[in-house]
Amino acid sequence: MEKVRWGIIGCGDVTEVKSGPALQKAEGSELVAVMRRNGALAEDYAKRHGVAKWYDDAAALVNDPDVNAVYVATPPGFHHEYTLLAAKAGKPVYVEKPMARNHAECQAMIGACEEAGVPLFVAYYRRGLPKFVEIKRLIDSGVIGEVRFVQSTYLQPMRDYEEGLEPWRIQPELSGGGLFVDLASHTLDILDYLLGPIGEVKGFASNQTGKQKVEDIVTTSYAFESGVMGTGVWSFNAYKHLDLNEIVGSLGKLSFSTFSGDLRIETADGEVQEVTIPNPPHVQQPLIQKIVDDLRGIGQSPSTGVTAARTNRVMDELLRDFYRV
C-alpha cells in the first residue's frame, strides 16, 4: 500500500484531537472521509478538519473506492459490526479500545479479518507513547533486575448522573461494563506490552454504592505467563483521584501513572530519579504512524487484534460473575 487513505466511522470526541489529526499528519497517511449517523455532524467535522467527504451511512464510507483503510471510532457496542463490514470489503481495520464488549466479539472480529486477509489493529496507543517505550526499555535493560510483581491502584470519586442521561461508558450494552472497562483496559493492555500476556486471573467486581447499574469497584490478582505476579484495584467510588502502577524487581522499582507522564525509578543502591515524559499533541499519532508503516510494509504495529483481545479476556474473567444473569 503506497498511501493509507483513511475513512472514520464515528467521528466523535476521541477523533477531534487524539486521533483524527494524527491520521492526517502521519507520514504516508491521509484522512479522506468521515461518517456519523447524524449527517450534519459529519459534515461539520469534515469542514472543520479539511476532509473531502462525509457520510451518514457506514456502508457507503466503507465501499468508497478512495478509502483503503477504516478507523472505527464508535462506542464498543458497534465495533464488532463495523469491523466485519470493513473486513467484508477487504479493507484493513483500526478499531478504538476496548476492542469490543467481550472476548467472544473480539475472536469473531479476528476471525473475520483473518478470513478476509486484512490486518486488524486496536487503538491501545500507549504502546506507541514515548513514556511507555522508555519504561519497556528500562525493564528490558535490567535496571530493576528480574521483575517480581506489579501493583496497580486507580481511584476516583463517584459521579452522579440523572437517570436516562448516563454516558455510554456506563451503559453495559454499549461499553461492555462500567468505567473499569473503559479505563482499566489501558492499564491491563500496557502491562501486557511491558511484561507479556497475563495467564491466570482471579478477582471480584461489585457495585458498592448502588448508584449505577455497573460495577464501581474491581479487585484482582493475576499471574503473567512469564511468572511475574500482579494485583490491582480500580475503585470508582473513592475519596480522591489516584493513578499508580508499581513494577517491583530484584534490584529496584518503577512507579508510573497510566494517564499522566510521571515516571519514578528507584534502585537498590538508593538512587531515585523522577522524570516527566510528556505526551505528543495528538496522543495516537505514534501508534498510528506504526500502523501506517505496517500497512505500507515498512514496519510493524505493536497493537493488533490478537494483543488487544487478551485484555478483553482478562476483563471478562473479572466481570463474569457480576454480569451473570
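**Entry 1: a hairpin**

I started with strand 13 (residues 262–267) and strand 14 (residues 272–276), which pair in the antiparallel sense over five bridges. For my own reference, helices (H or I, at least four residues) and strands (E, at least two) are DSSP runs, numbered from the N terminus, and two strands pair if DSSP finds at least two bridges between them. I found Leu-263 standing opposite Val-275 in strand 14. Four residues lie between the two strands of this hairpin, and Gly-270 takes a positive phi near 95 degrees there.

A note on the ground rules: this is a predicted model, where local features need pLDDT of at least 70, side-chain atom pairs count only at pLDDT 80 or more, and totals for chains, interfaces and linings use all residues. Residues are numbered from 1 along each chain as its sequence is written, and side-chain values use heavy atoms, with hydrogens and water left out.

**Entry 2: the whole protein**

Next I stepped back and looked up ten helices and 14 strands in the protein. Its radius of gyration is 20 Å, close to the 20 Å that the globule rule gives for 325 residues, so the protein is as compact as a globular protein of that length. Here the radius is taken over C-alpha atoms, and the rule is 2.2 Å times the number of residues to the power 0.38. The C-alpha trace spans about 60 × 45 × 35 Å along its principal axes.

I also noted that buried residues make up 54% of the 325 residues; buried means under 20% relative accessible area, with a 1.4 Å probe and protein chains only.

In what order do the six strands of the open sheet run? I read 3-2-1-4-5-6, with parallel pairing. Strand 3 (53–55) and strand 6 are the edge strands, each pairing on one side only. From one strand to the next, the twist averages 25 degrees.

Helix 1 (residues 13–25) lies across strand 1 (4–9), strand 2 and strand 4 (69–72), at about 135 degrees to strand 2. Helix 2 (residues 39–49) lies across strand 1, strand 2 and strand 3, at about 160 degrees to strand 3. Contact means heavy atoms within 4.5 Å; axes are lines fitted to C-alpha atoms, for helices over the stretch in contact, and angles run from 0 to 180 degrees between N-to-C directions.

**Entry 3: a cis bond**

I checked the peptide bond from Lys-97 to Pro-98 and found it cis, with omega near -15 degrees. Pro-98 sits in the loop between strand 5 (93–95) and helix 5. Most peptide bonds are trans.

**Entry 4: helix 10**

Where does helix 10 (residues 305–323) bend? The bend is at Glu-317, by about 40 degrees, taken as the angle between axes fitted to the seven residues ending there and the seven starting there. Its buried residues include Gly-305, Asn-312, Met-315 and Asp-316. The buried residues of helix 10 pack against helix 5 (103–116), strand 6 (120–122), helix 8 (179–195), strand 8 (198–206) and strand 9 (217–224).

Key: Buried < 20%, exposed > 50% of the residue type's maximum accessible area, 1.4 Å probe, protein only.
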